[in-house]
Amino acid sequence: MLKISKRLQSIVNLIPESEETVWDICCDHGHIGKSLINRIHQHKTSELKEVIFLDVVPGIMNKINESFKDTDIPIKISILTSDARTQNYKNNSINCFIVAGIGGDLCIEIVNQIFNFLSDHDYVIISVHKNTVKTRQHLKKMELRLYKEILVKENSKYYEMLLIGKRGDSEICEIGEELWEKFEQDHSDYLTEQISFYEKKAEYRTEFKNILQKYKKIKHKNLKS
Ligand SMILES: C[S@@+](CC[C@H](N)C(=O)[O-])C[C@H]1O[C@@H](n2cnc3c(N)ncnc32)[C@H](O)[C@@H]1O
């Protein structure tokens, strides 16, 4: 059984079971897709028909290819060496696109491309390593909507994870909304980190004052309750 980190497992847990095709984009080691394949054995009801691994580095994709040799997998596996910013994502399936473990600017370029192919019933999972607010602002501008968002802490680092799509239940908020509904120690610590980060930024750039105020409002609300 493949053992993966808490961050990666949290991403896998966000993938809806109704998905037929899952795209592990910028897959690197391919742990997300591989762990998903393991999940099929546990959840016999899964609709999953194909996992697509995609990364721009040929050596990475060769290794993934090798790792599947002589293994019996009950679904289709595709291995694409490709630039995710220009990939043709067209297919007739119900897709979940996973874009995780990269910076916000690259994520924005990739999501712009996915959007050209995105159907109403597709999902996208986003978890960037930096520029979360900028990424959220962009997703909101694209009129993508939120199904779910969570905060995950691993090795003293915090990761926001969003499950989004064209038909999501609510608007995407630039600092998160549902993210703060469950307010535990991790949420409090992450909020303190974000406030101190934006306090420094707002000293020089007034456009960050608004973000800072929004974070502070979350803090005050949770101090009261
Ligand atoms: C840090 S890994 C992320 C792995 C995994 N998604 C995760 O969340 O841990 C980033 C990967 O993105 C790949 N990458 C960077 N730019 C890319 C692009 N334009 N198209 C496809 N893959 C890209 C890199 O080769 C690298 O393997």
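The account below moves from the domains to the sheet and then to the ligand.

The model is predicted. The domain assignment divides the protein chain into domain 1 (6–175) and domain 2 (183–225). Their C-alpha centres lie 28 Å apart. Where the two parts meet, 6 residues of domain 1 are in contact with 6 residues of domain 2. The side of domain 1 that touches domain 2 has 4 nonpolar and 2 charged residues, with no polar ones.

An open sheet is formed by 8 strands, in the order β3-β2-β1-β4-β5-β7-β6-β8, and the pairing is mixed. In general, strands of a sheet pair through backbone hydrogen bonds, either parallel or antiparallel. The edge strands, β3 (76–81) and β8 (170–171), each pair on one side only. Within the sheet, strands β6 (residues 145–154) and β7 (residues 157–165) are joined by 9 bridges in the antiparallel sense. In this pairing, Arg145 stands opposite Gly165 in β7. Helix α1 (residues 6–14) packs on the sheet, where it touches β4, β5 (123–128), β6 and β7. The direction of helix α1 makes about 160° with that of β6.

How many residues surround the ligand? There are 14, and the closest are Cys26, Asp28, Val56, Ala84 and Gly101. Strand β4 (residues 95–102) contributes the largest share of this shell, 3 residues. The table divides the shell around the ligand by class.

| Class of shell residue | Number |
|---|---|
| Nonpolar | 9 residues |
| Polar | 1 residue |

Notes. Residues are numbered from 1 along each chain as its sequence is written. This is a predicted model: local features need pLDDT of at least 70, side-chain atom pairs count only at pLDDT 80 or more; totals for chains, interfaces and linings use all residues. A residue is near a molecule or strand if its C-beta atom, placed from the backbone, lies within 6 Å of it. Helices (H or I, at least four residues) and strands (E, at least two) are DSSP runs, numbered from the N terminus. Ala, Val, Leu, Ile, Met, Phe, Trp, Tyr, Cys and Pro count as nonpolar, Asp, Glu, Lys and Arg as charged, and the others, Gly among them, as polar. Domain bounds come from an automatic or database domain assignment. Two residues are in contact if their C-beta atoms, placed from the backbone, lie within 7 Å. Two strands pair if DSSP finds at least two bridges between them. Axes are lines fitted to C-alpha atoms, for helices over the stretch in contact, and angles run from 0 to 180 degrees between N-to-C directions.
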